[in-house]
Amino acid sequence: MQSTKQNILSIEKSLKEPLPIAASISTVYEIASQLMKHCLGLKHFYGGCMDAKSVSTYLRERAKRCIWRIEELRKFYKEDQKRKEEEKLELCIEKHDMVR
């Protein structure tokens, strides 16, 4: 009984780490739903609970990465816009200097 509890605790600890994000969300949902059906059919309710927790952790990590990617793109576009404005200013100065 003690080894079963230790196994459960080690599994729960590993669930806190996100799954590798290598597949699309639809693939993850498909695999998770099949696993959930098998767990419920075999009356392994704890396995179904672990399945749900791992999918939840996966989706949270995916959302964090999506938000990070959006923020990075915003920073890039701001810097790019600033650079383009500086180039326009330099071009205006050069044309003005050539006219005189």
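**Entry 1: a charged residue**

Leaving aside its neighbours within four places in sequence, which residues is Asp-51 in contact with? I looked them up in this predicted model. Asp-51 touches Ala-32, Leu-35 and Met-36 once the neighbours within four places in sequence are set aside. Asp-51 itself sits in helix H3.

A salt bridge needs the nitrogen and the oxygen within 4 Å.

**Entry 2: the overall layout**

I stepped back to the whole chain. I noted three helices and zero strands. Along the sequence the pattern reads α-α-α. Helix H3 covers residues 45–99.

How much of the chain is buried? I noted 14% of the 100 residues. The chain exposes about 8900 Å², and carbon and sulfur atoms supply 61% of that area.

I also checked how far apart in sequence the contacting residues are. I took contacts between residues at least 6 apart in sequence, and 76% of these join residues at least 24 apart.

**Entry 3: salt bridges**

How many salt bridges does a search of the whole structure find? It finds four. I went through several of them.

I began with Arg-65 and Glu-61. Their side chains meet in a salt bridge at 3.3 Å, N to O. Both residues are in helix H3, and they are separated by about one helical turn because they are four residues apart. Arg-65 has a relative accessible area of 41%, so I logged it as partly exposed.

Lys-75 and Glu-72 came next. The closest N and O atoms of this salt bridge are 3.6 Å apart. Here the spacing in helix H3 is three residues, which again means about one helical turn. Lys-75 is partly exposed at 48%. Glu-72 also counts as partly exposed, at 33% relative accessibility.

Then I took Asp-80 and Lys-84. They form a salt bridge with closest N and O atoms 3.5 Å apart. Four residues of helix H3 separate their positions, so the gap is about one helical turn.

Is Asp-80 buried or exposed? Asp-80 is buried, because its relative accessible area is 16% and the cut-off for buried is under 20%. Lys-84, at 40%, counts as partly exposed. I also noted that Asp-80, Arg-83 and Lys-84 are linked in a network of salt bridges.

**Entry 4: cysteines**

I searched the whole structure for disulfides and found zero. Cys-39 has 11% relative accessibility, so it counts as buried. Cys-66 has 36%, so it counts as partly exposed.

**Entry 5: a nonpolar patch**

Which residues make the nonpolar surface patch of about 330 Å²? I listed Leu-73, Phe-76 and Tyr-77. I followed up on Leu-73, which lies in helix H3. Leu-73 counts as partly exposed because its relative accessibility is 42%. That value passes the patch cut-off of over 30% relative accessible area.

**Entry 6: page summary**

Methods:
Residues numbered from 1 in each chain as written. Predicted model: local features only at pLDDT ≥ 70, side-chain atom pairs only at ≥ 80, totals over all residues. Heavy atoms only, no water. Patch = residues over 30% accessible without salt bridge, like charges linked within 9 Å, V, L, I, M, F, W, Y side chains within 5 Å. Areas by Shrake-Rupley, 256 points an atom, 1.4 Å probe, with all protein chains shown as cover. Helix = DSSP H or I, 4+ residues; strand = E, 2+ residues; numbered from the N terminus. Buried < 20%, exposed > 50% of the residue type's maximum accessible area, 1.4 Å probe, protein only. Contact = heavy atoms within 4.5 Å. Disulfide = S-S within 2.5 Å.
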